[in-house]
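These are my notebook entries on a structure that I am reading for the first time.

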Amino acid sequence: MNPREGREWSGAQRTEEHKDQDLHKSFLGLFVGMKCLSFIWGSLLLSCSVVPMCVGEMFTSLLDVRQAISLERKLIDDLRTYIDREWERLEGVRRFYSKVSDLHTDLYRRPTKATANPLVAFTLIKRLHSEWLNLVYSPEASENAEALRSSYEQEEANLPKLEDLRGAARGLMRLQDVYSLHVAGLASGRFQRVADGKLVDIYEPAVSVPLSGDDCFLVGKVAYEQEDYYHSVPWLEESVQLFRGVGGEWSPENEGTLEDALDHLAFSHFKTGNISHALSLSQELLHHDPMNGRVLENVEKYERLLVARPPVSLRGLTRPTSKYLRTRDAYERLCQIQGSQPNHRLFCDYFTNGSPALMLMPVRREVLSLRPRLVLYHDFITDTESEDIKKLAQQGLRRSVVAAGEKQATADYRISKSAWLKGSAHSIVGKLDRRISVLTGLNVTHPFGEHLQVVNYGIGGHYEPHFDHATSPSSPVFGLNTGNRVATFMLYLSSVEAGGATAFIYANVSVPVVKNSAIFWWNLHRNGGGDDDTLHAGCPVLIGDKWVANKWIHEHGQEFRHACSLNPEE
C-alpha cells in the first residue's frame, strides 16, 4: 500500500497536517544549521504548519551554505533585540504583579477598613477599570513580535527552501551509503563504520555536532516520503532512541515528536515485512496517544496479520537500486580506499613536453594509470591563482547540469554549482589556457577548448560515474561544432579533509584531492571512438569544501597536434 493512500495505515497521512567559521567543515553541522534556518525560524516567526514548496539550490554549493552563517547571525541579532524588548515589557508586568500582590497581602487583609479610605477605594476602581485593561490588551507584545517578524521577512528570500532541507538530508544518506557510515555514529557527530564487528572512526573532524531526535526524524522522513525504507528505518530508529532519551519532551523548534517518529517507524517496518516490530511500536505509540483511532485500527490489523502469517526471520533491509549507477560497488570501493593498484610500469618525473617554456621549470608529473593514461601534474597552479579563479567564479555559480538528450537538466547524481570563465575576459584564465596548451601540446583556445568551468560541490556533493565525451550524436557537447571532447584537464582548486576523490572505475584508480594539482586524460581513442575506460566519478565530499576547474578540449583544432590514427583499433 502506498503510505499516501488509505487512512488506516500510515503516519505519513499526517505529513501535511503536523509542522511540516569552521562549521562548513562538517556536513552534520551544515545539516543542523540548514534545518535551523528552514524550520525553526519559520515555526518561531510565522507559525506555519507547512513550509511552502520552492526550488532550493543552497545545498548544492558549500559557498552558499557558508553564506547562510552570516544570515543566521543577522537573525540572532534580531532575536536578541526582541528578547531585550520582551524582557523590558515583562519586567513592567512583574512590577505590576508585585505591587498588586503586596496590596492584597497587606492593605486588603481587612477589606472594610481599607475601602473606607476613599484614596484606597479610588485606586482600586481605577486599577480594575484601566490598569488591568492596559496590561492585558497592551499592544507592546504584538509590536515586538511584529518587529521580529518583519526583520525575518526581509531575509526570507535568502533562507533555505524545503528542497534545500531535503537535499541536505539526501546528502547525509549519500555519505552513509558510499562510505558505509553507521547512523548511530552520525547521530553522535562521528564518522564511523563497522569493521570486524566493531565501530571504528574513519575520520575525526575538527568540528562537529551531534544530531537531535528531531534532526534524525527529518532525515528519516525524507527517505520515508520517497518510500525508501532502507534509509528511513535506521534514521527513524535513531530518532526514537534520542526522543526516548529526553523522555519524549518536545521543544517548540522541533518539527517532529516521539509520537511522530514511532508512527513513521512503525509503518516503515510494516512495509519491509517486519510486522511484529510494527505492532510493538504502534502499541508504544498508544501509550502516548491512547485515543488515536487510526493507530488502534493498525494494531488490530497487525495482530490479525501475525495470526494469519506468523513472523519469519528477516534478511535485513534491501538498499534501493539506481537506474543511473550500474557500477555502484566498484565506485564506492574506490571512494573508500583512494589510490591505485601497484604497477611497476607507473612512474614520476619532471616533464617539459619538449617546450622551451618549461625547460627551466619543468612540471612534476605522476603517471597514475596506463589504461586509460592518467597523468597528475603537481603544483600546476599557485595558491593565489586558485583563490583568484574561485573569486571570479562566485557570482556566476549556478546549479550544475547534465546532458538530457539535446538539452541539459539538473540531476540528483550531480550535486554542485558551476560557472564558466572566458579566457578573453579574465587574464588569469587566459594565462592558465596558455599553460595548459604548453603542457599538453593542444589548442585550447575557444571554440577548440571550452571555457573554463569552475565547480563548487555541495553537501555530500558528488558526480556519479559518467563520461566527459559525448556518447550520443544529439549531445549538447557538439553545440560548438568542433567535434567531441578529445581530452580533459581538471584542476583541484582546494583541498578537502576527507572524501571527494576522482574515481576511475575501470582503471581501478581513485585520485585524492591534492590542491593546485591537475589531472589530464584522453577521452577518445585516436580513431575518434570514445574510450570506455575513462568512466569516472567525483566521490561525495565527506569533510571539506571542494572546488575544481575543468578544461575540456575538442577534436577540431588538434589536427596537427594530436593526429588521428589509420588503425581502427587504436
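**Entry 1: a term I needed before starting.** A crossing of two helices is called left-handed if the near helix is turned anticlockwise from the far one by less than a right angle, and right-handed if it is turned clockwise. I also reminded myself that this is a predicted model.

**Entry 2: helix α10 against helix α12.** I looked up how α10 passes α12, and the crossing is left-handed. The two helices, of which α12 covers residues 293–308, pack at an angle of about 25°, with their axes 13 Å apart. Since angles under 35 degrees count as roughly parallel, α10 and α12 are therefore roughly parallel to each other. On the α10 side the contact is made by Asp-263, Ala-266, Phe-267 and Phe-270, and on the α12 side by Arg-294, Tyr-302 and Leu-305. Sorted by class, the residues of this contact of α10 with α12 are five nonpolar, no polar and two charged.

**Entry 3: helix α10 against helix α11.** Next I turned to the packing of α10, residues 258–271, with α11, residues 275–288, whose axes come within 8 Å and cross at roughly 160°. Angles over 145 degrees count as roughly antiparallel, which makes α10 roughly antiparallel to α11. Here too I noted the handedness, and α10 passes α11 in a left-handed crossing. From α10, the residues that meet α11 are Leu-258, Glu-259, Leu-262, Asp-263, Leu-265, Ala-266, His-269 and Phe-270. Their partners in α11 are Ile-275, His-277, Ala-278, Leu-281, Ser-282, Glu-284, Leu-285 and His-288. By class, I recorded nine nonpolar, four polar and three charged residues in the contact of α10 with α11.

**Entry 4: cysteines.** How many disulfides does a search of the whole structure find? The search finds one, and it is formed by Cys-335 and Cys-539, with their sulfur atoms 2.0 Å apart. The pair links distant parts of the chain, 204 residues apart, with Cys-335 in helix α13 (residues 328–337) and Cys-539 in the loop between β18 (536–538) and β19 (541–544). The angle about the S-S bond is -90°, and the link of Cys-335 and Cys-539 is left-handed. I also checked accessibility, and both Cys-335 and Cys-539 are buried.

**Entry 5: backbone geometry.** Before this search I noted that most residues other than glycine have a negative phi, and that most peptide bonds are trans. Where are the cis peptide bonds that I wrote down? A cis bond joins Arg-371 and Pro-372, with omega about -5°, and Pro-372 lies in the loop between β5 (363–370) and β6 (373–378). A cis bond also joins His-446 and Pro-447, with omega about 10°, and Pro-447 is in the loop between α15 (427–440) and β11 (452–457).

For positive phi I recorded Asp-196, which is not a glycine and yet has a phi of about 55°. Asp-196 sits in the loop between β1 (191–195) and β2 (198–203), and is exposed, with a relative accessible area of 80%. Asn-516, also not a glycine, has a positive phi of about 75°. Asn-516 is found in the loop between β16 (509–511) and β17 (518–522), and is buried, with a relative accessible area of 6%.

Entry 6: Which strand holds Arg-399? Arg-399 is in β7, residues 398–399, and counts as buried because its relative accessibility is 13%. Not counting residues up to four places away in sequence, Arg-399 touches a set of residues that includes Glu-57, Phe-59, Asp-412 and Lys-417. Arg-399 and Asn-456 are 57 residues apart in sequence, and 9.6 Å apart in space from C-alpha to C-alpha.

Lastly I looked up Glu-131, which is found in helix α4, residues 118–136. Glu-131 is buried, with a relative accessible area of 19%. Leaving out residues up to four places away in sequence, Glu-131 touches Phe-96, Lys-99 and Lys-126.

Definitions and conventions
Residues numbered from 1 in each chain as written. Predicted model: local features only at pLDDT ≥ 70, side-chain atom pairs only at ≥ 80, totals over all residues. Heavy atoms only, no water. Axes fitted to C-alpha atoms, helices over the stretch in contact; angles between N-to-C directions. Helix = DSSP H or I, 4+ residues; strand = E, 2+ residues; numbered from the N terminus. Parallel < 35°, antiparallel > 145°, perpendicular 65-115°, else oblique. Contact = heavy atoms within 4.5 Å. Nonpolar A, V, L, I, M, F, W, Y, C, P; charged D, E, K, R; others polar. Disulfide = S-S within 2.5 Å. Buried < 20%, exposed > 50% of the residue type's maximum accessible area, 1.4 Å probe, protein only.
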